[in-house]
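Here is a short report for a reader new to this structure. Please look at the sequence and the 3D view first.

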Amino acid sequence: MKLTKMAWRNLWRRKRRTLITGFSIGFGVLLAVTFTGTGDYSYSKMINTGAVMGFGHITVEPLGYNQTPALDKRLEDSAKIRQSALAIPGVTDAIARITGQAMFASATKTVGGMFMAVDPSQESTEHNLFLRSLVEGELFPTAGGRGVVVGHKLAEKLRLRIGKKLVYTATDANGEIVSDIARVTGIFKTGVSEVDGSMALLPIDSVRATLSYGRDEATMIAVIIDDQRYTERMQRRIDAAVGDSQREVLSWKQTQADLAGIIAIDRSGNYISQLLVGLLIAAGILNTVLMSVMERTREFGVMMAVGMSPGTLFRLVIIESIWLAIVGLLIGIVITMPWYAYLYHVGLDFSGAIGDDYSAGGVLIDPIFKIQLFPESVVAIIVGVFALTLVSCLYPAWRATRVPPVESLKTI
Amino acid sequence: MARHAGAAGRKPKNDIMRAMETQHSPHILRLENVTKTYQQGKVEVRAVDDLSLAVDRGDFAALCGPSGSGKTTVLNLIGGLDVPSSGKVWLEGQDLATLSRAKLSAIRRDRIGFVFQAYNLIPVMTAYENAEFVLKLQGAAERHCRDRVMAILKEVGLEGLEHRRPDEMSGGQQQRVAIARAIVTEPAIVLADEPTANVDSVTADALLDLMQALNRHNGVTFLFSTHDQRVMDRAHRLIRLHDGKIDKDEVRN
């Protein structure tokens, strides 16, 4: 009889105990899927949302702009950089933009804020959250017009409506204070108070003219990639294609350090929770397998007496634990599937508990709690279950081999 | 009978040479001034006391004596399940004290058969699988295992019961499986510790008939530990132990 078959039969000698342990492993799988799936989904969602709020997953910027943003720092050949980035497989969009600080004034009030100058021909609702969040009006039709789209809280502060005039004042490429006028064509509401109260979209050619920029100049190329998990790899590729001594290629972790910090802290907490759950389950497995080994001391003594080597006996107990892990994993899959399907398709709505401001690190977060597991997370969970079970069984397996046959046979 | 290729294939060269040297010796095993002491609390118990003994090939011998006389301890020492406090145990010319745990396992697997008082079959295995167990440990080929196990089960009278598990068999049937397991590898010696203690008299006689036949026809050496008169009556040699020493060593025709 093969050891695998013998181990399988041994596993079912105490059906109830095996099933209880299998369910505890299965429950661990459910928790691991929930924790990991929440992280995979929410971090991905936050990163992708952050990307469409201006900077992209990867940003090509003038050297030093990220540390000290100023409008005198600019990319001179934005169209060429954009085309080079778009030619790289995995890049889904590359958009030239000018971002900076400005004072916004209406007939009644003046407030400080941020502007993002955009070319409507390059923008899409898919890659621009502000366009996706328009609640009134529309985006100005051309890059050279005098339109402006403002956040709804900024509109409230300045008492602006569609068609009203807005004066923006900024420092130009030469350090001079310059102003221009624009007419409100649209109002957006993202749900992030800070953004809705300070951000305005302006036509890029008009802004270039106002700021004394050349026709092909911009402060950034925001690059959107098809999968945020490969940001570092894509960053290296883009850097190889367009990087030089006057510009730098940065990832979202560098341009949105607050978001990166929040994700890192949350992920650490997630890992600690999973570790604690894992330890509890490991203790249960250790207890079960150790009991099963101690109950069979005499049997192991007989096996060794008739010639089974300690190494083979060790392997037998380890194979039993592998079977236990497989059973636990299968139970885990069965009990996790409906839970996963519900959270993946429907989710839990926490908007009532979150309030009006759905943001973290300046980025919009989804108030619907959903999960999604990446393939690498599935592999990690499977490997984790097996590793946990195997590690838990090392001591019982070792114990099984240490009982001298003559001692175990004394119980005859 | 020739040993099968699986076990013979793994036999180191020096073992084969040693076996050749010892095959002409009449002694299959030898104990030389063996003493075994145990500590029971603060008291030292001398289970075997300076015992010397030689068993010949083909013997059908029994160690007998009252409880505590050292019978089982002697069997355990011969089987390499326990180590002597002093003295030497030689099995087929090999000093068991010089062998590693792994080597001792291999000796038990290949050269010794064990029959225990409580059968000690592996409960999750069928009669066939229990009998096959040691052959599998030897790494024997599937076909050889099948032929050999079926022949042995027939020999011990268990034909048709191959697929029964221990809890589906009587005590006598279980002990027959244990005997099949002990002899399936054609060991040099079978050590049987009170093999008839847990069975009724009819079954005990049948088991003894079987072991006697294996001894006569196949030349299997048996060494019993017993205080069953039926076993003692059939033994060709009766070694009476008392307080760990040989009280009387009687060879009969």
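A contact here means heavy atoms within 4.5 Å. By that rule, residues 24 or more positions apart account for 71% of the contacts in chain B with a separation of 6 or more.

## Model and confidence

This is a predicted model. The predictor gives the complex an ipTM of 0.79. The pTM is 0.77.

Chain B has a mean pLDDT of 85. In this chain, 90% of the residues reach 70 or more. Residues 1–13 of chain B are another matter: pLDDT stays under 50 there. The model still has 22 contacts for this stretch beyond four places in sequence. Where pLDDT is low, the predicted coordinates should not be read in detail.

## Chain B in outline

Chain B has 253 residues, and 54% of them count as buried. It holds nine helices and 10 strands.

## A sheet in chain B

Four strands of chain B form an open sheet. Their order is S2-S1-S4-S5, and the pairing is antiparallel. Which strands lie at the edges? They are strand S2 (43–56) and strand S5 (94–95) of chain B, and each pairs on one side only. Strands of a sheet pair through backbone hydrogen bonds, either parallel or antiparallel.

Strand S4 (residues 86–91) of chain B is joined to S5(B) by two bridges. These two strands run antiparallel. B:Trp90 has B:Asp95, in S5(B), as its bridge partner. Helix H3 (residues 71–78) of chain B lies across strand S1 (27–40), S2 and S4 of chain B. Helix H3 of chain B runs at about 120° to S1(B).

## A one-sided helix in chain A

Which residues of helix H3 (residues 78–86) of chain A are buried? They are A:Ser78, A:Ile81, A:Arg82 and A:Ala85. These residues cover an arc of only 100° around the axis, so they sit on the same side of H3(A). An α-helix has 3.6 residues a turn, so residues three or four places apart point the same way.

The buried residues of H3(A) pack against several elements of chain A. The strands are S1 (58–62), S2 (91–105), S9 (220–225) and S10 (247–251). The helices are H7 (204–210) and H8 (231–242).

## A buried serine in chain A

A:Ser292 is found in helix H10 (residues 257–295) of chain A. Is A:Ser292 buried or exposed? Its relative accessible area is 15%, so A:Ser292 counts as buried. Leaving aside residues up to four places away in sequence, A:Ser292 touches A:Arg17 and A:Glu320. A:His57 lies elsewhere: A:Ser292 and A:His57 are 53 Å apart in space, C-alpha to C-alpha. In sequence they are 235 residues apart.

Side chains of opposite charge can pair when their charged atoms come close. The count comes to 32 salt bridges over all chains.

One of them joins A:Arg146 and A:Asp180, at 2.5 Å from N to O. A:Arg146 lies in the loop between strand S4 (134–137) and strand S5 (147–151) of chain A, while A:Asp180 is in strand S7 (residues 177–188) of chain A, so the pair ties together parts that are 34 residues apart in sequence. A:Arg146 is partly exposed, at 48% relative accessibility. A:Asp180 is buried, with a relative accessible area of 14%.

A:Asp205 and A:Arg208 also meet in a salt bridge, at 2.9 Å from N to O. Both lie in helix H7 of chain A. They are three residues apart, about one turn of the helix. A:Asp205 is partly exposed at 37% relative accessibility, whereas A:Arg208 is buried at 8%.

## A salt bridge between the chains

B:Glu129 forms a salt bridge with A:Arg9. The closest N and O atoms are 2.5 Å apart. This pair crosses between chains, from helix H5 (residues 127–138) of chain B to helix H1 (residues 3–11) of chain A.

Are the two partners buried or exposed? B:Glu129 is buried, with a relative accessible area of 8%. A:Arg9 is buried too, at 16%.

Note on methods
Residues are numbered from 1 along each chain as its sequence is written. Chains are lettered from A and ligands numbered from 1 in the order in which they are written. This is a predicted model: local features need pLDDT of at least 70, side-chain atom pairs count only at pLDDT 80 or more; totals for chains, interfaces and linings use all residues. Side-chain values use heavy atoms; hydrogens and water are left out. Buried means under 20% relative accessible area, exposed over 50%, partly exposed in between (1.4 Å probe, protein chains only). pLDDT is the predictor's confidence in each residue, from 0 to 100. The arc is that of the directions from the helix axis to the C-beta atoms. Two strands pair if DSSP finds at least two bridges between them. Axes are lines fitted to C-alpha atoms, for helices over the stretch in contact, and angles run from 0 to 180 degrees between N-to-C directions. A salt bridge is a side-chain nitrogen of Lys or Arg within 4 Å of a carboxyl oxygen of Asp or Glu.
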